[in-house]
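Here's a quick tour of the model to read with the structure open beside you. Take it one topic at a time and click along as you go.

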Amino acid sequence: MYLEVKDMKKSYGKAGSYIEVLKGISTGLKQGQMCVIQGTSGSGKSTFLNCIGGLDTLDSGSIKVDGKEIAGLKQEELSEYRRENLGFIFQFYNLVPNLTVMENIQVCEYLSKQPLDMEELLETLGLKEHQNKFPAQLSGGQQQRCAIARALIKNPKLLLLDEPTGALDSKTSRDILILLEKINEKYGTTMLLVTHNNSIKNMVHKVIIIKDGEISKEYENADRIPAAELEDL
C-alpha cells in the first residue's frame, strides 16, 4: 500500500466543548489510485484529509505514506514531507492576485527538486494562452486549472483535493474532472478527493464513505465510468 492509515483518532476541545471527530479510521490506497471520500458535513472527511496532509496532528494512530510514518513528525519534518510528497487543491483557489498564472505556478516550482516541465504542464491544462494573465482576468474554471497546475508542478506523489469542483458549474466541473483523470493516467498521481458530489465516485478506483467519524462503507469500483460520461454534476 502506498498510503496506510491505522486507527486514526482526532478530537478538538476540552471538557464541555470536547468533540471526537475521527474515531479510529483504518484504510489504505495503492499507488496511482484515485479515491473519493464522501460524507455529510461534520462527518470528519476534511479532518481526515488534513491529517494525511500534515495540517492536523493525530491524537493517536498511524499514517504511513510510501512506507514513512507521518504521525508524530516535528514541524520541520512535516514541512519537508509536504514539500516533497504532496500537492494540495482546495475549493477556494488561494492564488496570489498580483502574480500571473505562470508566476503563481513558479512559486511551487521552486520548492521541488524534480519539477514537471512547465511548458508541458501549461499545455496539458490548457493554460498556455493564459500564462501571462492575472487571476482576476480568469474564469473560475481557469483559476482552478491554475491551482491544479501549481500543485502539480512539484511532481507530487499524492494529490489532496478538498471540494475541487464545489464552486464550479456542471460543465466546468466535468472539464476539471476530465483533466484530473488525464493527470492520473499520465503521471500516475495518487489522488484523494473530498466531495459532496455523488456522481464523482463513479469515476474513481476507490470510494470511502465516512459517517460520524468512522468509515461506514468502502469499496473499489469494478466498472469505472469515464469522467466525460458522468451525469448530474
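Predicted model: local features only at pLDDT ≥ 70, side-chain atom pairs only at ≥ 80, totals over all residues.

Residues are numbered from 1 along each chain as its sequence is written, and side-chain values use heavy atoms, with hydrogens and water left out.

**Around Ile-208**

- Ile-208 sits in strand β9, residues 206–211 (helices are H or I runs of at least four residues in DSSP and strands are E runs of at least two, numbered from the N terminus).
- Leaving aside residues up to four places away in sequence, Ile-208 touches Thr-27, Cys-35, Val-36, Ile-37, Gln-38, Ile-215, Lys-217 and Glu-218 (contact means heavy atoms within 4.5 Å).

- β9 pairs with strand β10 (residues 214–220) in the antiparallel sense, over 6 bridges (two strands pair if DSSP finds at least two bridges between them).
- Within that pairing, Ile-210 has Ile-215 of β10 as its bridge partner.
- The two strands form a hairpin with 2 residues between them, and Asp-212 in the turn has a positive phi of about 50 degrees.

**The nonpolar cores**

- In soluble globular proteins, nonpolar side chains tend to be buried together.
- In this model the largest nonpolar core has 40 residues, and Ile-148 and Leu-180 have the most contacts inside it (a nonpolar core is a set of buried Ala, Val, Leu, Ile, Met, Phe, Trp, Tyr and Cys residues joined through side-chain atoms within 4.5 Å).
- At least two residues of this core come from each of β3 (34–38), α3 (101–109), α4 (118–124), α5 (140–152), β7 (158–162), α6 (170–187) and β8 (190–194).
- The biggest giver to this core is α5, with 6 residues.
- Apart from this core lies another one of 28 residues, including Tyr-2, Leu-3, Val-65 and Leu-158.
- Which residues does Leu-180 touch, not counting those up to four places away in sequence? They are Met-34, Ile-148, Leu-159, Leu-161, Met-191 and Leu-193.

**Helix α6**

- Buried residues in α6 are Thr-172, Ser-173, Ile-176, Leu-177, Leu-179, Leu-180, Glu-181, Ile-183 and Asn-184.
- Those buried residues pack against β3, α4, α5, β7 and β8.
- The length checks out: at 1.5 Å a residue, the 18 residues of α6 should span 26 Å, and its end C-alpha atoms are 26 Å apart (the expected span is 1.5 Å times one less than the number of residues).
- At the N-terminal end, Asp-169 caps α6, with a side-chain oxygen 3.2 Å from the backbone nitrogen of Lys-171.
- After α6 comes Gly-188, with a positive phi near 70 degrees.

- Strand β6 (residues 86–90) pairs with β7 in the parallel sense over 5 bridges, and Ile-89 stands opposite Leu-161.
- β7 and β8 also run parallel, joined by 5 bridges, and Asp-162 has Val-194 of β8 as its bridge partner.

**The four-stranded sheet**

- An open sheet of 4 strands runs in the order β2-β1-β4-β5, with antiparallel pairing.
- β2 (19–29) and β5 (68–69) are at the edges with a single partner strand each, so one side of each has no neighbour in the sheet.
- Strand β1 (residues 3–12) pairs with β2 over 8 bridges, antiparallel, and Ser-11 stands opposite Glu-20.

**Two aspartates with positive phi**

- Asp-7, in strand β1, has a positive phi of about 50 degrees although it is not a glycine, and at 38% relative accessibility it counts as partly exposed.
- Asp-66, in the loop between β4 and β5, is not a glycine either, yet has a positive phi of about 55 degrees, and its 44% relative accessibility makes it partly exposed.

Key: Buried < 20%, exposed > 50% of the residue type's maximum accessible area, 1.4 Å probe, protein only. Polar contact = N/O pair within 3.5 Å; in protein donor to acceptor, adjacent residues only side chain to side chain.
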